[in-house]
Amino acid sequence: MAITITAAAADSMGDALATAIGSAATIQIRSGSKPATPETTVSGTLLATVAISGSFTSTGGVLTSADPAAVTIAATGTAGYFRLLNSGATAILDGTVTATGGGGDMELATVALSSGASLDLGVPSITVPVA
């Protein structure tokens, strides 16, 4: 059974999450399975690191940031999860990565990443669930 919260509560949670993330965050794309919590030691190979310029903003519990620049993939592997870190390198959240249509928290055109190729995430968006 899932809990539900009000839209106002989701908006407040979104604001708090945006504050926790702060400015100059990074998103690491990694191979392997998502750790149990962001406090759990990172696992898998670091495939790519995407720098977020500026801060996330929250409207109605939906956080977005400016569209980050494309990055060069650092290592070849299969993307399995991502970790979002604040500017102090503290992990804030983890999520799954799947190919488009696969239902992951982040969906990429392909999860087979090749060293030296380009990766463009588009505009990152995080939604605080209301229902």
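## Terms and model

Helices (H or I, at least four residues) and strands (E, at least two) are DSSP runs, numbered from the N terminus. This is a predicted model, in which local features need pLDDT of at least 70 and side-chain atom pairs count only at pLDDT 80 or more, while totals for chains, interfaces and linings use all residues. Residues are numbered from 1 along each chain as its sequence is written, and side-chain values use heavy atoms, with hydrogens and water left out.

## Two positive phi angles

Most residues other than glycine have a negative phi. Look now at A24. A24 is not a glycine, yet its phi is positive, about 60°. Its place is the loop between helix 1 (7-21) and strand 1 (26-31). A24 is partly exposed, at 45% relative accessibility.

A89 lies in the loop between strand 6 and strand 7. With a relative accessible area of 55%, A89 is exposed.

## The salt bridge

How many salt bridges does the structure hold? There is one. A salt bridge is a side-chain nitrogen of Lys or Arg within 4 Å of a carboxyl oxygen of Asp or Glu. Here the partners are D94 and R83, and their closest N and O atoms are 2.7 Å apart. D94 lies in strand 7 (residues 91-99) and R83 in strand 6 (residues 77-85), so the pair ties together parts that are eleven residues apart in sequence.

Two strands pair if DSSP finds at least two bridges between them.

Strand 4 (residues 62-64) and strand 11 run antiparallel and are joined by three bridges. L63 stands opposite I126 in strand 11.

## Around S58

S58 sits in strand 3 (residues 57-59). S58 is buried, with a relative accessible area of 15%. Which residues does S58 touch, not counting those up to four places away in sequence? They are D11, G14, D15 and L63. Contact means heavy atoms within 4.5 Å.

A16 belongs to helix 1. A16 is partly exposed, at 47% relative accessibility. A16 and S58 are 42 residues apart in sequence, and 9.0 Å apart in space, C-alpha to C-alpha.

## The largest pocket

A pocket is found on a 1 Å grid over the protein atoms alone: it is an open set of points where a 1.4 Å probe fits, with protein on both sides within 12 Å along at least five of seven lines, and lining residues have an atom within 4 Å of a point. The largest pocket has a volume of about 360 Å³. Grid points are joined across faces, edges and corners, and a volume is the space filled by probe spheres set on the points.

The lining has 16 residues, and F82, D105, M106, S125 and I126 lie nearest the centre. Strand 6, strand 7, strand 8 (106-108) and strand 11 each supply at least two lining residues. Strand 7 gives the largest share, three residues.

Key: Buried means under 20% relative accessible area, exposed over 50%, partly exposed in between (1.4 Å probe, protein chains only).
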